[in-house]
Amino acid sequence: MIEAEPRMCVTSPCPERVRFGVLDSTLREGEQTPGVVFTVDQKIEIARMLDSIGVDMIEAGHPTVAPDVREAVRRIVGLKREGVIRAEVVAHSRALRRDIEDAAELEPDRVAIFYGVSDLHLRYKHRVTREEALSIIGEAVEYARQHGVRVRFTAEDATRADLGFLVEVAKTVYEAGADRLSIADTVGAATPPVMRRIVETIRASVPGLELDAHCHNDLGLALANSLAAVEGGASIVHVTVNGLGERTGITWLQQLAAASHVFYGKSPVNLADLMKLTSMVERYSGVMVPPNAPLVGDNAFTHKAGVHVAGVLSNPQTYEVIPPSLLGRTRSYTIDKYTGRKALKARLEELGVKLSDDELIKVLMEVKKASTARWISDEDLLDIVERVTGRRVKLQPSKGIEALVLVRCEPNIYTASVARRLTLIPCVTEVMEVTGDRDIVVRLTANNPVELNETIEAVRRVKGVTDTYTILVLRKLER
Ligand code: COA
Ligand code: ZN
């Protein structure tokens with residue numbers, strides 16, 4: 001939970017203070033991602049890591065769904081009881097006695113009961129009138145309270161519900177004993193001003209009720225809507241690691257944390273450990289974050305255009321909203337036809353090469369001629385320097401060691417994304433997805449044993465690679 005004064009405004013007018021924490025739902029909403037299944041042990045590991053970085057609540061699962069979901073909730077409640085974790089543990093439930101009993105008998109800190117409240121959900125899913133819905137919702141909350149747990153009510157599809165009816169729902173659940181109401185933007189249909197107005201209206205109508213924001217990302221607005229909710233007075237934001245969840249998922253933990261740091265000067269969780277968590281959840285979910293994912297994607301702190309790199313070399317803030325070091329990351333820049341003189345000079349100096357201004361321009365012209373190269377490696381750049389200047393700047397020569405690396409991947413990982421990452425490793429010349437007891441074969445050519453070793457290490461470090469077996473090519477018979 002953080003309390004802070006915003007530095008910049010996301011929505012206007014700017015609130016004087018924000019006060020909020022996070023509920024992580026990677027184990028519940030995250031496991032609703034198509035194709036994602038966590039083992040109970042993986043859930044325990046994720047829960048411990050979430051707790052250690054400081055999330056306030058962990059939504060551990062919906063026990064009625066399946067025996068292993070129930071087992072995970074039971075074990076996570078056990079961790080809380082033993083004092084291993086300190087986050088509040090939440091179990092999910094429909095507004096049904098059976099589900100409530102299934103959840104409450106595990107004795108979590110809180111049961112979260114959901115029920116659709118838009119006319120669309122009332123009519124087509126629940127087939128009840130608004131009045132009937134109010135009584136089902138009120139009874140469910142009271143029933144859970146009788147089991148001695150705290151209760152959150154989740155108003156599913158709240159952002160498409162009639163606001164007057166939503167206020168009635170809020171009053172009903174508060175009177176029935178719920179201390180929190182989650183405003184669920186179930187299909188990601190809200191805009192920030194709408195989200196903020198809903199939160200402010202309910203806060204004004206039922207002041208004792210604390211509000212959660214649960215924002216789906218169908219239109220890419222989950223983070224913006226979550227911040228708007230916080231600025232309107234919501235005190236918990238629902239997130240998942242890597243934005244997992246139904247369809248396109250919900251607010252990313254990493255994005256909310258970094259945005260809080262940028263806009264409010266504080267993050268509700270420890271930023272430095274987010275990369276570890278990102279990789280752990282990538283590995284266990286099999287869903288790789290794309291290179292352009294904010295903050296945690298491979299490209300998040302990699303600059304390309306010459307003008308940008310020149311700015312960054314002078315002051316990184318010119319093109320960065322948050323320093324990579326806060327996330328334990330480093331910045332880099334690529335060399336290709338978009339490169340300018342300053343970037344090229346800096347890169348060559350890093351490689352120990354000093355050129356005259358004339359030589360630098362000539363090398364730059366050559367770099368720009370290689371216009372189809374996706375990027376120019378240091379090795380290729382030094383080749384160009386040698387060609388242009390006639391001076392030897394590289395370690396010599398190297399007859400080239402060719403090797404095949406047989407790679408096995410984790411079973412729940414998309415082999416294609418591992419293969420894609422392998423193609424980015426310098427010295428790798430070919431990547432083949434294959435059948436048999438190995439998943440991928442990598443062909444590489446290294447200049448010397450050190451480079452060979454580094455390349456094999458780089459292959460091993462790729463997320464999703466479990467083990468490698470390397471074969472050196474001794475002789476090739478060409479047809
Ligand atoms: N409260 C009460 N009942 C609800 C409800 C709610 N919030 N949401 C849906 N329902 C009812 C539906 O009306 C329907 O009941 P009906 O069969 O009487 O029409 C039923 O729940 C959902 O249909 P179905 O999934 O076919 O029912 P099921 O009994 O076979 O399985 C689950 C129910 C929950 C065990 C199963 O759907 C499941 O494992 N779901 C995963 C968890 C989930 O859906 N979570 C949503 C989180 S937002
Ligand atoms: Zn959801």
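I start with H216, which is buried, at a relative accessible area of 5%. This is a predicted model, so please keep that in mind throughout. The label follows from the cut-off, because buried means under 20% relative accessible area. In the chain, H216 sits in the loop that runs between β8 (210-215) and α8 (222-232).

What does the side chain of H216 make a polar contact with? One partner is the side chain of H214, at 3.2 Å. Another polar contact, of 3.5 Å, joins the side chain of H216 to that of E29. If we set aside neighbours within four places in sequence, the residues in contact with H216 are E29, D185, T186, V187, G188, A222, E246, R247, G249 and I250. So E29 turns up both in that contact list and as a polar partner of H216, given that a polar contact is a pair of N or O atoms within 3.5 Å.

E29 takes us to the charged pairs. Together with R28, E59 and R152, E29 is part of a network of salt bridges. As background, side chains of opposite charge can pair when their charged atoms come close. The structure holds 42 salt bridges, and I will pick out a few of them.

Take E107 and R81, whose side chains meet in a salt bridge at 3.7 Å, N to O. E107 lies in the loop between α3 (97-104) and β5, while R81 is in helix α2 (residues 67-81), so the pair ties together parts that are 26 residues apart in sequence. Are these residues buried or exposed? E107 counts as exposed, at 54% relative accessibility. R81 is exposed as well, with a relative accessible area of 59%.

Next is the pair E231 and R196, with a salt bridge of 3.8 Å, N to O, between the side chains. Here E231 belongs to helix α8 and R196 to helix α7 (residues 192-205), and the pair links distant parts of the chain, 35 residues apart. Both E231 and R196 are buried.

The last pair I want to show is K354 and E349, where the side chains meet in a salt bridge at 3.4 Å, N to O. K354 is exposed, with a relative accessible area of 63%. E349 counts as partly exposed, at 36% relative accessibility.

Now the ligand. Which residues come nearest to ligand 1? Of the 14 residues around it, the answer is R94, A95, F114, K125 and R127. Three of these have polar atoms to point at. R94 places a polar side-chain atom 2.8 Å from an oxygen atom of ligand 1. R127 also uses a polar side-chain atom, which lies 3.1 Å from an oxygen atom of ligand 1. With K125 the atom is a backbone N or O, and the distance to an oxygen atom of ligand 1 is 3.4 Å. The protein covers 53% of the 950 Å² of accessible area that ligand 1 has on its own.

As for where that shell comes from, β4 (88-94), β5 (110-116) and α4 (119-126) each supply at least two of its residues. Sorted by class, the shell around ligand 1 contains five nonpolar, four polar and five charged residues.

One more residue, further along the chain. L404 is in strand β12 (residues 401-409) and is partly exposed, with a relative accessible area of 23%. Leaving out neighbours within four places in sequence, L404 is in contact with V441, V442, R443, Y469, T470 and I471.

To finish, the whole chain. Its secondary structure comes to 16 helices and 15 strands. The C-alpha trace spans about 85 × 55 × 40 Å along its principal axes. Of the 479 residues in the chain, 52% are buried. Among contacts with a separation of 6 or more, 69% are between residues 24 or more positions apart. The chain exposes about 22,200 Å², and carbon and sulfur atoms supply 51% of that area.

Conventions
Residues numbered from 1 in each chain as written. Chains lettered and ligands numbered in written order. Predicted model: local features only at pLDDT ≥ 70, side-chain atom pairs only at ≥ 80, totals over all residues. Heavy atoms only, no water. Near = heavy atom within 4 Å. Polar contact = N/O pair within 3.5 Å; in protein donor to acceptor, adjacent residues only side chain to side chain. Areas by Shrake-Rupley, 256 points an atom, 1.4 Å probe, with all protein chains shown as cover. Helix = DSSP H or I, 4+ residues; strand = E, 2+ residues; numbered from the N terminus. Nonpolar A, V, L, I, M, F, W, Y, C, P; charged D, E, K, R; others polar. Buried < 20%, exposed > 50% of the residue type's maximum accessible area, 1.4 Å probe, protein only. Contact = heavy atoms within 4.5 Å. Salt bridge = Lys/Arg side-chain N within 4 Å of Asp/Glu carboxyl O.
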